[in-house]
Amino acid sequence: MNSGDPRNVPRREAARLVAGKGRYTDDIDAGDVGHIAFVRSPYPHARIDRMNCDAARVAPGVIAVITADDLSAVCKPWETRLALLPTHLSPEQIPLARDEACWQGEAVVAIVAKTRAQAEDACERVEIDWTELPAIADLDSAAAEDAPPVKSGMPNNLGLDHGISTGDPDAAFRDAAAVVEHDFTFSRQTGVTLEPRTILASFDPRVRELVVQHSHQAPHQMREVFSAQLGLPLSAVRVVAPDVGGAFGMKLCAYPDEMAVAAIAVLLGRPVKFCADRLESFVSDNHAREARVRGRLAVDTDGKLLAMDVAVLSGFGAYASHPRGSAGEGLQAVHMIAAPYQLAHYRGRVRGYFQNKVPSGILRAVGQPLACTVTEQLLDLAARKIGLDPADFRRRNYTDADDKPARSAAGIVLSQLSLRRCHDRLLALMNYDGLRRRQTELRKEKCYRGIGFAAFIEQTGVGPQLYGPQNVRVSAQEACRLTVEADGRVRCATSVTDQGQGTRTGLLQILAQELGVAPDTIEIVTGDTQVTPLGGGAWASRGVALGGEATLRAARRLKSNVLTIAGSLLQADPASLQLQGGVVCNAAGLAQMSLADIATTVGFRSHLIPLDDIPDLEVVESFAPRNTPYIAANGIQAAHVEVDPELGTIRVLDFWVVDDCGRVINPMLVDEQIRGGVVQGIGAALYEQCIYGADGQLENGSLADYLVPMAGEMPDIRIAHVETPTAMTTLGARGVGEAGTVGAAAAIWTAVNDALVPLGATVTEQPFTPEHVLDRLALAGDQPRPT
Amino acid sequence: MSERHSITLTLNGTVISAKVDARTHLADFLRQHLRLTGTHIGCEHGVCGACNVMLDGRSARSCLMLAVQADGAVIETVEGLTASGIIADLQQEFVARNALQCGYCTPGILMTATELLSRTQPNRAEIRDALSGNYCRCTGYHAIVDAIEAIATRRAEAAS
Ligand code: FES
Ligand code: FES
């Protein structure tokens with residue numbers, strides 16, 4: 001904690017949450033609610049020959065048994081299409097599988113009962129005759145010439161084939177002083193939010209209004225989706241995200257089972273609720289990251305990067321995630337390659353395949369961790385090959401986007417970066433030279449420690465250029481509606497949503513400062529489409545970067561309106577007045593009238609105001625970056641690890657991050673975003689994987705078997721900042737929500753492989769299980785070599 | 001239909017009696033029957049610690065225990081500990097250091113911390129060790145360790 005820094009304002013809602021007064025979706029009371037449990041496909045791919053629900057219908061407590069045919073009356077099928085990527089064609093989807101289930105866990109029948117336990121009991125009485133169909137589990141089977149389709153009727157399983165080429169990579173590789181290459185396997189992961197997905201939908205047939213309480217990041221997106229699929233006008237759909245117990249991108253898509261819940265509410269005209277249990281979370285929450293990558297890097301004799309060539313195979317699951325698709329991971333994996341570095345020649349190609357597995361979708365940092373890992377690992381291999389220190393090697397190659405806007409070889413738009421400053425700060429913070437000396441000494445004692453770096457670019461505050469051209473109806477603006485209430489308090493309704501990041505607090509701080517009112521007179525309202533203006537919510541690190549900008553602009557306009565009214569009431573030039581602590585002061589700094597006085601006059605006695613047009617005490621401002629696709633942020637991370645070559649275990653000893661997210665509003669909250677992100681990246685590198693058998697069965701679908709980082713295994717994480725405000729906004733803040741996750745796995749890769757240098761081994765498969773480490777050591781001959 | 005049983009227990013300082021299904025676990029009983037929603041459910045198989053409550057002075061998984069097994073027990077939930085004020089310092093420290101983000105893990109973590117701090121003045125490694133039965137997906141744990149360590153120190157100073 002940066003104690004004493006006045007910017008470190010604690011979050012107001014935290015006081016409520018520590019007292020057990022959270023209000024998560026499952027905590028909300030609804031009268032006469034029907035609880036939903038799903039019968040899910042036990043097979044990765046199977047035809048439904050016959051279904052008998054008679055016994056379930058008469059089970060105790062059952063209100064309704066719902067199948068695909070029942071829902072077709074109220075819910076239209078949907079197709080996930082990205083206009084610019086026609087190959088990313090996903091078969092038509094409906095909320096419950098009708099004739100064919102395409103992944104183990106796909107919902108087939110919904111049982112509505114008085115209690116969840118009764119609904120689960122009734123699920124066991126549903127009889128389904130299945131015929132198993134060939135299942136595509138791994139990427140090679142999906143890509144095979146004669147591969148059976150993931151869903152009947154699909155021409156093949158290829159869902160993405162995208163290439164990019166800059167300069168003349170072939171010539172550069174030919175002329176290089178040194179070339180290195182490496183293979184990378186990234187296992188499937190999933191978000192594992194501690195609060196599972198939960199949705200409570202109520203439909204009032206009298207007025208045909210749907211209200212959905214939803215543990216979700218993007219309520220405006222879901223309003224759009226429910227409206228389109230259920231054939232209701234937007235104004236008849238209200239989506240509310242109450243407290244959300246973790247999201248991380250996993251709660252950003254429209255899940256078929258959640259669509260079923262909303263459709264059932266409409267069909268039955270009563271409130272219904274679904275709360276995923278942990279076992280079904282593993283087979284129904286989006287997965288992410290599955291990829292195999294082969295990368296090559298060429299360097300010249302001066303230690304300059306010349307060319308890279310990267311081929312990515314990306315795994316999608318059975319359907320493209322709705323509505324954003326599943327292509328993002330693979331696209332980011334090729335486009336974010338070498339983003340922090342000068343590089344003239346590049347070739348990247350990504351192919352993505354559908355599989356009979358849980359659909360893949362967004363997870364914090366989408367594809368950026370893959371690109372960062374490939375880049376940083378190849379850099380380390382090259383540095384070693386030409387005998388340069390890896391830190392020094394990076395510093396020679398950073399992009400010059402510090403001084404002038406630039407585009408990376410793979411097309412990433414960069415400006416006002418600070419990579420060298422972050423780098424120098426990091427080396428000082430970690431005492432790099434001392435660590436290297438100690439590493440050398442310890443190697444003599446057969447203690448294998450490694451130091452790894454990951455410089456990174458984070459795409460933050462992504463604007464309309466991402467989904468707009470794809471014809472995907474996802475808002476990329478953020479908006480703020482400010483109202484001065486008659487009691488003088490200020491209400492800020494923002495499109496930004498907050499799942500614990502602290503965005504609300506950041507906005508409150510911006511508002512208090514810009515407007516000149518006390519923080520405790522401000523209310524921040526989020527997550528309710530009925531009261532908040534249209535905007536993105538929480539995705540692509542946008543809360544403060546974009547939502548903060550909208551708030552700043554709204555605050556300035558509101559303040560000008562307030563002072564105009566005050567000027568007319570006081571017969572003073574508005575420019576001579578100030579708003580401080582909610583009070584209008586004159587040029588001499590003397591209090592004249594309060595915000596409450598002004599609001600009361602406007603609201604109830606406006607005949608006293610000598611103005612023809614009274615400016616509004618409610619203003620709305622929105623902001624989207626329209627001249628740039630996103631606002632790039634940058635930083636560098638370092639990990640210090642120790643590998644036990646006997647056991648294959650890896651201990652993370654220390655971790656450091658220097659981040660530049662532009663203007664920092666609340667350093668404490670920024671640090672906590674980075675720490676949380678780092679630990680998710682460490683989890684990816686060391687523990688997390690959805691293990692599938694060749695038959696497409698998920699083998700570790702429980703929290704006891706899917707490992708996530710625990711406190712005892714995690715290091716303290718030291719953080720420092722460089723602040724380079726972006727010129728793209730008045731506020732100057734860049735995003736930070738994904739920074740930790742973008743680079744942390746890469747830093748673990750480079751650190752572990754640094755530790756293994758004297759043993760002649762490298763790891764290639766994430767997560768680095770003890771088995772993998774031991775396999776690689778065995779392959780390397782197991783004989784310690786001199787450094 | 002499963003069998004119903006009568007139970008009597010001391011919950012947050014008050015003796016209560018209830019009729020419960022044999023199969024209802026304590027977490028569901030607290031959340032659904034008593035509407036004490038501060039106790040959370042993250043896995044229902046004893047791994048994540050979101051459901052921890054104080055049972056006869058020790059932290060325990062309320063998802064692994066049937067409500068009928070709580071007959072005769074003394075149970076405190078986060079609501080009760082909050083009302084009694086005995087963890088107010090810890091709660092304030094969590095807020096001040098932002099040792100929670102989504103807050104879903106927090107009530108369970110407070111139980112673990114309550115038990116740990118009642119036994120010893122733990123150092124960072126011991127705190128991390130004790131927290132290994134509590135998953136937090138948001139914070140990365142560092143701030144949680146900071147907060148518990150600060151209270152351990154403060155309570156020790158106050159006691160000496
Ligand atoms: S819900 Fe009890 S341990 Fe996870
Ligand atoms: S704060 Fe979200 S799980 Fe701990």
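Reader: At what distance does the side chain of A:Asp243 reach the backbone nitrogen of A:Arg23?

Author: In this predicted model, A:Asp243 lies in the loop between strand S12 (237-240) and helix H8 (256-268) of chain A. Its contacts, leaving aside residues up to four places away in sequence, include A:Gly22, A:Arg23 and A:Tyr24. The side chain of A:Asp243 comes to the backbone nitrogen of A:Arg23 at a distance of 2.6 Å.

Reader: Which residue has a side chain joined to that of A:Asp243 by a polar contact of 2.8 Å?

Author: The residues touched by A:Asp243 include A:Arg16, A:Leu17 and A:Glu195. A polar contact of 2.8 Å links the side chain of A:Asp243 to that of A:Arg16.

Reader: Is A:Asp243 buried or exposed?

Author: Its relative accessibility is 11%. A residue under 20% is classed as buried. Therefore A:Asp243 counts as buried.

Reader: How many disulfides are there over all chains?

Author: A disulfide requires two cysteine sulfur atoms within 2.5 Å. For A:Cys661, the nearest cysteine sulfur belongs to A:Cys422 and is 9.9 Å away, and A:Cys661 is in no disulfide. Over all chains, the count is 0.

Reader: What is the relative accessible area of A:Cys661?

Author: A:Cys661 belongs to the buried class, which covers residues under 20%. The relative accessible area of A:Cys661 is 2%.

Reader: What is the mean pLDDT of chain B?

Author: The model as a whole scores ipTM 0.98 and pTM 0.97. In chain B, 99% of the residues reach a pLDDT of 70 or more, and the mean is 97.

Notes. Residues numbered from 1 in each chain as written. Chains lettered and ligands numbered in written order. Predicted model: local features only at pLDDT ≥ 70, side-chain atom pairs only at ≥ 80, totals over all residues. Heavy atoms only, no water. Buried < 20%, exposed > 50% of the residue type's maximum accessible area, 1.4 Å probe, protein only. pLDDT = per-residue confidence, 0-100. Helix = DSSP H or I, 4+ residues; strand = E, 2+ residues; numbered from the N terminus. Contact = heavy atoms within 4.5 Å. Polar contact = N/O pair within 3.5 Å; in protein donor to acceptor, adjacent residues only side chain to side chain.
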